[in-house]
Amino acid sequence: MGIAERKEKQKTELRKMILDASMKLFIEEGFEKVSIRRIADLIEYSPTTVYLYFKDKNEILFNLHQEGFRRMQGYNVNLLTIANPLLRLHKMGENYLRFGMENPEFYDLMFLAKAPMETIQCISENCEWEEGDRALDGLKAILQECMDKGMIAQSEINAVAMAIWGMVHGLVSLSIRQRFDKLVPENQVFSMMEQSLNWLVNSLDQSTKK
């Protein structure tokens with residue numbers, strides 16, 4: 001490895017170190033209480049070093065938010081192999097549940113914490129939630145295909161998309177906030193969530209109603 005490649009590798013590793021430390025502090029202490037100095041102290045570098053990579057705390061949060069959506073998209077690569085849109089819808093819901101359960105810190109940052117939405121307004125060029133829009137558009141595209149093929153009853157697609165998202169989001173949120181602890185044995189939580197998703201998709205399936 002040459003000098004240039006080694007330096008680039010070191011930069012990539014340090015940038016990841018900053019993001020990992022920031023995520024840890026944001027989750028443990030809350031975004032508002034964390035400073036660049038606290039992040040620098042945790043990775044044992046100077047605040048100046050952190051500023052070489054990110055102009056402020058908001059930019060760090062924005063990058064973590066985007067990384068969360070990249071990770072979630074990685075769960076959906078298997079959707080491309082599913083021809084039946086209703087089965088694809090079910091798999092997308094299952095992927096969403098799995099992502100949330102396996103990445104609770106990122107899920108919190110993406111969908112529960114207030115700070116990221118305020119940060120997006122500060123950083124995004126058009127002040128819109130582009131990552132959220134893309135995820136929702138993907139869901140609506142599958143729903144539209146299901147409706148076009150008669151698998152789901154024709155309805156206002158935004159309302160159906162929000163209803164589906166609201167359900168899977170609620171399940172993940174209740175779980176990672178430990179609201180199921182007294183209701184469902186820990187080793188049965190994900191199975192219960194899958195059963196709820198099955199019920200939802202079966203309820204939408206028009207082929208069972210003919």
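Which residues does serine 175 touch, not counting residues up to four places away in sequence? Serine 175 touches Met101, Phe180, Val189 and Met193; contact means heavy atoms within 4.5 Å. The views below show a predicted model, in which local features need pLDDT of at least 70, side-chain atom pairs count only at pLDDT 80 or more, and totals for chains, interfaces and linings use all residues. Residues are numbered from 1 along each chain as its sequence is written, and side-chain values use heavy atoms, with hydrogens and water left out.

**View A. Serine 175 in helix H9.** Helices are DSSP runs (H or I, at least four residues), numbered from the N terminus. Serine 175 counts as buried because its relative accessibility is 13%. Buried means under 20% relative accessible area, exposed over 50%, and partly exposed in between (1.4 Å probe, protein chains only). Glycine 2 is 173 residues away from serine 175 along the chain, and their C-alpha atoms are separated by 48 Å.

**View B. The contact of H9 with H10.** The axes of helix H9 (residues 157-176) and helix H10 (residues 189-204) come within 11 Å and cross at roughly 170°. H9 is therefore roughly antiparallel to H10. Angles under 35 degrees count as roughly parallel, over 145 as roughly antiparallel, 65 to 115 as roughly perpendicular and the rest as oblique. Axes are lines fitted to C-alpha atoms, for helices over the stretch in contact, and angles run from 0 to 180 degrees between N-to-C directions. H9 contributes Ile164, Met167, Val168, Leu171, Val172 and Ser175 to the contact. From H10 come Val189, Met193, Ser196, Leu197, Trp199, Leu200 and Leu204. By class, the contact of H9 with H10 has 11 nonpolar, two polar and no charged residues. Here Ala, Val, Leu, Ile, Met, Phe, Trp, Tyr, Cys and Pro count as nonpolar, Asp, Glu, Lys and Arg as charged, and the others, Gly among them, as polar.

**View C. The contact of H1 with H2.** Helix H1 (residues 3-29) and helix H2 (residues 36-43) have axes that come within 9 Å and cross at roughly 120°. On the H1 side are Leu14, Met17, Ile18, Ala21, Ser22, Lys24, Leu25 and Glu29. They meet Arg38, Ile39, Leu42 and Ile43 in H2. The residues of this contact divide into eight nonpolar, one polar and three charged.

**View D. Isoleucine 18 in helix H1.** Isoleucine 18 is buried, with a relative accessible area of 0%. Not counting residues up to four places away in sequence, isoleucine 18 touches Ile39, Ile43, Val50, Tyr53, Phe54 and Ile60. Glycine 68 is 50 residues away along the chain, with 15 Å between the two C-alpha atoms.

**View E. The largest nonpolar core.** A nonpolar core is a set of buried Ala, Val, Leu, Ile, Met, Phe, Trp, Tyr and Cys residues joined through side-chain atoms within 4.5 Å. Isoleucine 60 touches Ile18, Leu19, Ser22, Phe26, Ile36, Ile39, Val50 and Phe54, not counting residues up to four places away in sequence.

**View F. Glutamate 44 and glutamine 178, two residues with positive phi.** Glutamate 44 is found in the loop between H2 and helix H3 (47-53). Its phi is near 60°. Glutamate 44 is exposed, with a relative accessible area of 72%. Glutamine 178 lies in the loop between H9 and H10. The phi of glutamine 178 is about 60°, although it is not a glycine.

Methods:
Helices (H or I, at least four residues) and strands (E, at least two) are DSSP runs, numbered from the N terminus.
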